[in-house]
Every structure is written in C-alpha cells, then in structure tokens.
Amino acid sequence: MRGSGPRGAGHRRTPTRTPSSPAGHCCAPRRAWLWTCLVLCAALRTLLASPSSEVNLLDSRTVMGDLGWIAFPKNGWEEIGEVDENYAPIHTYQVCKVMEQNQNNWLLTSWISNEGASRIFIELKFTLRDCNSLPGGLGTCKETFNMYYFESNDENGRNIKENQYIKIDTIAADESFTELDLGDRVMKLNTEVRDVGPLSKKGFYLAFQDVGACIALVSVRVYYKKCPSVVRHLAVFPDTITGADSSQLLEVSGACVNHSVTEEPPRMHCSAEGEWLVPIGKCVCQAGYEEKNGTCQVCRPGFFKASPHSQTCSKCPPHSYTHEEASTSCVCEKDYFRRESDPPTMACTRPPSAPRNAISNVNETSVFLEWIPPADTGGRKDVSYYIACKKCDSHAAPSPVTNVKKGKITKNSISLSWQEPDRPNGIILEYEIKYFEKDKESSYTIIKSKETAITAEGLKPASVYVFQIRARTAAGYGVFSRRFEFETTPVSVAASSDQSQIPIIAVSVTVGVILLAVVIGFLLSGSCCECGCGRASSLCAVAHPSLIWRCGYSKAKQDPEEEKMHFHNGHIKLPGVRTYIDPHTYEDPNQAVHEFAKEIEASCITIERVIGAGEFGEVCSGRLKLPGKRELPVAIKTLKVGYTEKQRRDFLGEASIMGQFDHPNIIHLEGVVTKSKPVMIVTEYMENGSLDTFLKKNDGQFTVIQLVGMLRGIAAGMKYLSDMGYVHRDLAARNILINSNLVCKVSDFGLSRVLEDDPEAAYTTRGGKIPIRWTAPEAIAFRKFTSASDVWSYGIVMWEVVSYGERPYWEMTNQDVIKAVEEGYRLPSPMDCPAALYQLMLDCWQKDRNSRPKFDDIVNMLDKLIRNPSSLKTLVNASSRVSNLLAEHGSLGSGAYRSVGEWLEAIKMGRYTEIFMENGYSSMDAVAQVTLEDLKHLGVTLVGHQKKIMNSLQEMKVQLVNGMVPL
C-alpha cells in the first residue's frame with residue numbers, strides 16, 4: 001500500500017487504512033516493527049560497497065525514484081515509503097496476512113537486464129516475525145516465502161501467469177523476531193543469497209510469493225560476478241564475466257602492455273567466484289626496455305638490453321658505449337673489436353700478440369705444430385689460431401725395407417735384422433717394426449728401434465708371426481715392407497714332461513677346495529640359507545647345489561638410485577626386515593602367486609552383488625566363510641571369460657604384490673582362487689568405497705581433525721610401502737578405500753590397468769600411461785619413479801581430501817598442467833584450509849625431489865597436528881590463496897637470482913658488485929664463467945672471499961647439471 005502525501009516531502013507516510021481483525025491484533029507491534037525496518041534501511045545505506053568482483057544489476061537501496069514493482073492482489077504486499085536524512089527514498093515491502101487462510105500474495109519486479117551474464121546472484125535482506133509470538137495465528141501463520149524468476153527479452157512483458165515462473169527456492173529466516181524484540185527496538189535482519197543460471201535471454205523478472213508469513217523485504221540486490229581487469233606479468237586481462245557453471249574456469253587471453261612481447265600468448269583462468277587462477281605464459285619487455293613497476297621503461301644512454309629474455313638493462317661492457325635510448329647493443333671503442341658470435345654482454349677486446357716458440361714435427365703426409373699461447377691475449381680467453389699451409393719442395397720419404405733376415409728363434413722369441421732401404425732420401429731417424437700372430441692382424445705390437453736389428457719376445461711356442469718394417473726420416477715415414485713370416489719353435493720334450501705335472505696338481509687343488517667348501521657349507525647351511533646371511537649366498541649355492549634355484553637376486557621396480565637387494569627363501573632375507581619382492585622377477589608368475597597369496601576354495605565364497613567393473617572383469621561384494629573362522633564381508637575381483645594368459649598374469653600380479661603387505665592402512669588380501677573359474681582376488685570389504693567419491697558425497701561434513709586423521713592413515717600406509725622398498729606410482733584419492741570407521745587404506749597396485757574412464761586422466765608416454773595430475777615432474781619427464789615421486793602424489797591427495805574430492809587442476813588439459821607445473825605453478829590452497837596443511841602440500845611439491853619430506857616425516861608432522869588441534873585453526877587467507885607460485889626451498893642456482901648484485905648480496909659479497917659490473921660481468925650467464933684467475937684480476941685478493949665466491953659458482957654449476965635450478 002502506498003503512503004499519502006507528496007513524494008520527497010520529508011514526512012513519514014502513514015497507511016491509508018488499518019488492517020482489519022484478526023490482523024488488527026498485531027497492529028501496534030507492526031507499527032513498531034515497520035519503524036525499526038525503516039531505521040534499519042537507512043543504516044544499510046552506509047554499507048552499499050560491493051566487492052570489485054560483483055557488478056550490481058539492481059540494488060533497491062540505491063534506486064532514487066519509483067521501483068515500479070507490482071503487487072497482486074492489491075491488498076497483499078504493500079510498499080512502505082520513507083525518505084532518509086538526504087531525502088532519498090527508502091523502498092521497503094511488507095506483508096503480514098497471518099490470520100487468514102490460503103494466502104497467495106505476489107510481488108513482481110520490473111524487467112532486469114542481465115548485461116550478458118549467464119549466472120546471476122540475488123541477495124535478500126529481510127525480517128520475519130516468529131509465528132509463536134502471534135496469538136491466534138498458529139494455524140495460518142507461515143515462516144517462509146518463495147522466490148521465482150521468468151526469463152524474457154521483452155522489457156514490458158509483465159503479463160506472466162503464475163505457472164510460467166520458475167521457482168528459485170523457498171526462503172526461510174535464520175532468525176525471527178518476537179514482540180519482545182519490538183519493545184526493545186531490536187530488529188533481527190536476515191541475509192540470504194541464491195544464484196540462477198544458466199540464463200539465455202537478455203533479461204528476467206523476479207517474483208516473491210507470500211503464503212501467510214509476516215515479512216518485511218528490506219532490500220533486494222541482484223548482481224553478477226566478474227574477474228576484474230588486472231595487469232599480471234606485463235599482460236592486461238580485461239573484465240571477464242564468470243561462467244554459468246559454479247565449477248567452470250574460463251580461459252582468458254591477455255594483451256601485452258606497451259613495449260612488451262611474448263612467444264606464447266599469456267593466459268589466465270577466471271573462476272566462478274571472480275578470482276584469476278592458473279597463469280600460463282607471460283609477456284616480457286622487448287629488447288631495449290626493462291620492467292619497472294609493472295611497465296616497460298626505456299634503457300637509458302650507456303645501458304642496453306639485447307634480448308627480451310634479459311630482465312634488466314645492463315651497463316655497456318668494458319671498452320664499448322652507446323649514446324642512444326632503447327639500445328639493444330653497445331658499440332666497441334676504437335681499436336677494440338667483438339666477434340660476430342660474441343654475445344652483446346661480452347667486453348670488446350684487442351687483437352692478441354703472436355704465438356711464441358713454434359716448433360714442428362713432419363711425418364710422411366702430415367706435420368705436427370706446437371707453440372706457446374700469446375703473452376697478451378687481448379682480453380679474451382677463447383683465442384683461436386689461423387694456420388696458413390703453403391706447398392713447398394721437400395725431401396721424399398724413404399723407400400720400403402726389402403731385405404730382412406731371421407736370427408735366433410726360440411719357443412718364445414724371434415730375432416730379426418735388415419738392411420737400410422735402397423733409397424733412404426735422407427738420414428734414417430728410426431725404424432718402426434709391426435708384428436702380430438698370423439690371422440690375428442687386429443691385435444698387433446709396435447717396436448721402435450734406431451738399430452737395424454730387434455728381438456721380439458713373449459711369443460707363443462709353435463706359432464707363426466708376421467713382421468713388417470718401415471723407416472722414418474725428417475720427411476716422415478715411408479711405407480711398410482712386404483710381410484715376412486717366421487715360426488717359433490715347439491715346446492721341448494723335457495719341458496713337456498715338467499709341464500705335465502701341472503694339470504695333476506691343479507686337479508688335486510680343485511678337489512681339495514671343493515671338499516673344503518662342502519664341509520663349510522654344511523656347517524653354515526643353518527645360518528646362511530635359512531637365516532639369510534646375504535654375504536654367504538654364493539657359498540650357500542656351492543654347499544647345496546639343490547638349493548641354487550632358490551637363491552636369486554630380486555629388486556622392486558624403482559629408481560636405479562634406490563635399488564636394494566632383497567632375498568627371500570633363498571631370495572635371502574635379513575631377520576626382522578620386511579622387503580618387497582617384485583613378482584615379475586619370477587620366471588613362473590604362478591610361483592609368485594602361490595608364495596605370497598593364500599589359495600581359497602571357491603565354495604567358501606558367496607557373491608552377493610556387483611558393485612563395479614575393472615579392466616579385467618567385474619568387482620563384487622560378498623561373504624567369505626573359511627573353516628573354523630567367522631564369516632567376513634569381502635570384495636571380489638573376477639577375471640572375465642576369454643582372458644589371455646598375459647591378462648591372467650597381470651590380474652594375479654596385483655595379488656602377488658598385495659599379499660606381501662600387512663598393515664592396517666594397506667588393503668588386506670584374503671586370498672585368491674586360481675584352481676577353478678572364474679579366477680578371483682578376494683580382499684577385505686571397504687563399505688564407503690573410493691575416497692574421492694565418498695568425499696564428494698559428503699562435502700563439508702567432516703571436521704578438520706577427521707580429515708587430518710584420514711591423511712595420517714594414508715601417510716602411514718605409504719610409509720610402510722616406502723620402508724619395504726615399494727613405489728606405488730599411482731597414489732590418488734580414487735585409489736584410497738575408506739571403511740565405515742573412516743579408516744583409509746591404500747589400494748590398487750597395478751599401474752598397467754586402465755587409469756580412468758576419462759581419457760584426460762592419463763598421459764601416454766613411451767613407457768606407458770602416467771596419471772599426469774598426480775605425478776611428479778621428474779616422473780613425467782624422465783620416468784623417475786621413487787618414494788619421493790610418491791610424496792609429490794601424496795601432496796595432491798592432501799589437496800583432494802581438503803577440497804572434498806575436487807579435480808586437481810580443474811579442467812586444464814594435461815599439456816597445460818605439465819607446462820604450468822614446470823613454470824612453478826602449484827595448486828592454490830583449498831577453501832578454509834589450515835595453513836599448516838597447505839605448507840605440507842607445498843613441501844611435497846618441491847621441484848627438487850631431495851627437498852621433499854619423507855613419509856616418516858609426514859606421519860610425525862600429522863601426529864603433532866592431531867595432538868595440538870589449535871595449530872589447525874590458522875587458515876590460509878584469501879589473498880595468499882590467489883598466489884600460485886611456489887618458491888623452491890634451499891640453496892638456489894643462478895636462475896634464482898635476478899641480478900649479479902642480488903647474487904653477491906646473498907653470499908655477503910655485495911662490496912664487489914660495482915667491480916663486477918665495471919668489468920663486464922653484468923649478467924649471471926657471464927658470472928658463471930668466472931675463474932679464480934679472473935677473481936684475482938678483479939681485485940678479489942682475500943682468500944676467504946675467493947673461496948666463498950668460487951664455492952657459490954660451483955654450486956650453481958652442479959645445480960644446473962642436475963636440473964635443480966628453479967625457473
């Protein structure tokens with residue numbers, strides 16, 4: 001009902017009529033209620049500021065004129081008009097037909113443009129009377145009202161039937177007020193927000209339906225969310241309206257600011273909450289410009305920047321200059337030069353002085369030259385030499401040796417002599433004699449002699465040897481002579497008689513050694529083969545030849561750096577130490593199954609229902625009743641009909657792995673059925689299924705301590721696997737099972753299976769499929785799977801648990817995930833995540849795998865958090881959630897320092913910054929080439945300072961080689 005009197009007169013409007021009985025019983029309280037509402041409306045004007053990510057389409061508090069809303073029936077909703085101290089109208093609608101049956105009062109808004117948004121939000125501020133405080137209205141009074149919308153392109157199309165409206169929600173109050181509150185002038189204001197989408201037309205109408213409540217609608221605000229315009233990494237990203245889906249990420253391309261360029265267009269993703277996430281790519285200042293305060297500024301005269309990849313403008317190197325702004329290189333001074341291949345950061349240098357003390361050595365068709373480097377290199381280290389070779393007359397090489405005579409020949413030596421070549425063509429300096437056993441030319445011997453006779457010793461008896469000789473003069477070697485063959489003498493009879501004793505002695509010694517080994521073997525058999533003395537394994541095989549098949553070497557599939565020997569039953573095993581044995585090392589896979597898994601009679605198993613499907617067949621739930629034991633609920637994996645032998649081996653291979661584990665946080669293998677069909681694997685039954693699905697179904701239902709308890713169980717299971725030397729490779733929430741007591745257990749020990757129905761879940765490489773979103777960078781790039789790569793995956797599982805099963809990296813492609821992680825991006829903290837848990841996630845995601853915590857450390861840390869719950873109260877704040885770049889811990893390589901000065905300051909050697917810059921060492925690339933001699937030339941004379949700088953440089957080089965430098 002509208003008030004009387006001129007609009008804007010400054011007087012409070014009074015209703016033209018008073019509600020009749022029975023509503024009249026609450027007339028006086030209503031007036032007090034309405035007065036309090038109007039005071040509240042005026043106070044709300046001071047709270048109109050909205051976040052920058054919200055754009056208002058309608059705010060009833062800011063409309064200066066008539067709202068133009070329609071109520072029907074007319075005696076239902078009524079507008080209470082009032083003005084504030086600035087004579088601005090206050091729009092409040094109220095209805096209080098609580099004493100009458102079958103109320104159906106509608107309030108319709110005017111047409112609202114959505115301005116291109118496909119998802120909008122409606123914020124209602126209202127008060128509602130407690131029905132219990134209204135005498136006589138208990139049968140008819142309601143404490144809720146309904147909100148509807150209707151999409152339309154027509155701004156004037158209000159002829160809408162009730163059944164055409166789409167219901168948004170039933171709105172209830174968190175707090176209702178009573179008559180007592182009215183007396184105290186206390187008004188309990190409720191705020192409710194609902195969202196609507198996707199919208200497909202230009203605009204919409206809203207409608208509010210009262211069904212018998214006592215309501216005052218204080219304000220209505222309709223808005224959409226956007227990611228506000230931002231400049232990041234020198235790229236401008238425009239205002240972007242969020243998507244229609246609450247989980248949708250919109251990819252937005254940025255535009256490089258002035259004087260900046262990019263190889264790959266920068267992109268970011270706009271979340272449904274109006275936050276910018278997942279930056280990929282960036283802009284960099286073009287050559288001649290440097291980044292300052294988020295813009296590209298020109299390089300001053302005397303400074304240059306040669307490449308967009310350089311971060312800052314550098315001072316011109318020694319003996320070069322520039323007088324222009326935006327220079328990309330510096331010009332060399334007079335009489336100084338730079339090679340075309342020299343980088344612009346290199347100092348200009350003078351030509352070197354001449355080489356010193358050159359000597360030559362001529363050989364047949366070649367000449368060998370040696371010299372001492374120039375006394376003055378002109379300031380360069382990479383001095384190169386130009387050698388001019390001119391043809392000139394010289395003596396010919398000597399002719400071949402033609403006349404060779406044999407001398408004394410024994411069973412082990414041959415003596416030879418020869419005459420000088422017919423045409424020596426100069427003074428013979430030496431002879432080279434080459435000889436080898438006949439038909440074995442690839443293995444020969446060279447003897448050099450200045451005489452014309454030699455004796456070749458150490459030859460085999462009764463063997464033919466081939467000799468060739470050539471002479472050398474100052475002109476070089478001549479060609480080899482023709483081949484001369486000579487034979488050593490056979491072994492004499494006397495010698496043969498003596499030598500014949502050797503085999504007899506050898507046999508006697510051998511027999512003695514074998515007998516001694518047998519005796520020792522029997523003495524040690526109890527402590528070697530049975531107890532597992534690793535060093536005696538070879539002796540064990542000698543003492544008990546029948547046990548040789550049991551003694552073997554086996555190792556888990558893991559990184560070569562972490563290979564460990566494991567022996568069991570002859571794969572000898574240390575007492576008290578459990579180690580994992582790879583079933584693939586068995587020649588017969590069936591032996592591994594029977595050794596590690598218990599065979600169960602099929603008659604003991606009752607299959608009740610199918611609960612899922614795997615790569616090899618159906619997964620069922622059922623019951624297991626073994627003789628003398630109580631009946632157990634179990635999960636049963638079956639092998640489908642028509643399987644191949646390889647499928648059978650792979651299927652049972654998982655059982656061979658599972659059967660080796662015994663831990664409360666590892667899925668327990670009850671046994672296998674292999675002697676009848678279908679072939680089955682029987683495990684304990686986990687009532688709540690996979691962890692990711694369970695969390696999605698129970699979003700927000702658990703306390704932080706409960707979530708930490710789940711994570712602690714997973715970490716304990718992984719610590720057990722790590723201690724046994726087993727690398728899981730596929731740790732993810734989908735591969736964690738959870739029972740009715742919220743105990744989490746690691747499962748799924750066969751990575752050869754299909755990873756997920758979603759083809760985006762795995763990334764195929766040469767070595768097979770890899771679950772990209774859960775896998776450490778080194779495992780993706782180099783297939784280096786270690787316990788440390790499992791720790792990375794555990795960090796992703798932590799993120800899944802705290803975010804209640806949200807998909808890591810959302811809808812990004814695998815290639816984008818790989819690129820983003822390589823560029824330093826890490827998943828942001830989930831909402832309401834304790835800071836201690838997110839820091840542990842970041843520790844698990846260290847690029848350097850050696851910097852990640854061990855599972856033992858993770859278990860200890862989670863235990864401390866559980867013992868001290870107050871440490872979980874500090875949450876990651878919203879501003880730090882948006883920061884997605886993880887800085888590597890520990891000592892950093894050259895890539896971590898933005899300038900030479902920053903590096904020197906970091907190692908407490910900042911006093912030398914100016915000296916380095918003046919001598920051309922203006923970039924970290926140039927500094928990386930510094931030697932100890934260079935430091936001395938620079939004036940770094942203190943031994944301690946030299947050592948500190950050289951140690952830092954050496955550390956950077958090692959990190960570069962090992963790929964540890966963060967990008």
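Start at Asp730, which the unreviewed UniProt entry annotates as "active site". UniProt positions follow the numbering used here, feature names are shortened, and annotations may be inferred rather than shown by experiment. This is a predicted model: local features need pLDDT of at least 70, side-chain atom pairs count only at pLDDT 80 or more, and totals for chains, interfaces and linings use all residues. Residues are numbered from 1 along each chain as its sequence is written, and side-chain values use heavy atoms, with hydrogens and water left out.

Stay on Asp730. It sits in the loop between α9 (704-723) and β43 (736-738). Helices (H or I, at least four residues) and strands (E, at least two) are DSSP runs, numbered from the N terminus. Aspartate 730 counts as buried because its relative accessibility is 2%. Buried means under 20% relative accessible area, exposed over 50%, and partly exposed in between (1.4 Å probe, protein chains only).

**Zoom out to the whole chain**

The chain has 20 helices and 46 strands. Of its 967 residues, 46% count as buried. Now consider contacts, meaning heavy atoms within 4.5 Å. Among contacts with a separation of 6 or more, 63% join residues 24 or more positions apart.

Click Gly612, in strand β38 (residues 605-613). Glycine 612 has a relative accessible area of 27%, so it is partly exposed. Leave aside neighbours within four places in sequence, and Gly612 is in contact with Glu618 and Val619.

Next, Gly617. This glycine is in the loop between β38 and β39 (618-624). Its relative accessibility is 15%, so glycine 617 counts as buried. Beyond neighbours within four places in sequence, Gly617 is in contact with Thr638 and Lys640.

**Select helices α6 and α7**

Two packed helices are described by the angle between their axes and the distance between the axes. Show α6 (residues 589-596) with α7 (residues 645-658): they pack at an angle of about 30 degrees, with axes 9 Å apart. Axes are lines fitted to C-alpha atoms, for helices over the stretch in contact, and angles run from 0 to 180 degrees between N-to-C directions. α6 and α7 are therefore roughly parallel to each other (angles under 35 degrees count as such).

Show the side chains at the contact. From α6, take Pro589, Asn590, Ala592, Val593 and Phe596; from α7, take Arg648, Arg649, Leu652 and Ser656.

**Select helix α13**

Move to α13 (residues 835-844), which is mostly covered, with seven of its 10 residues buried. The buried ones are Leu837, Tyr838, Leu840, Met841, Leu842, Asp843 and Cys844. They pack against α9, α11 (787-802) and α14 (855-867).

**Last stop: Ser417**

Find Ser417 in strand β31 (residues 413-418). Serine 417 counts as partly exposed because its relative accessibility is 29%. Leaving aside neighbours within four places in sequence, Ser417 is in contact with Asn403, Val404, Lys405, Thr452 and Ala453.

Conventions:
Angles under 35 degrees count as roughly parallel, over 145 as roughly antiparallel, 65 to 115 as roughly perpendicular and the rest as oblique.
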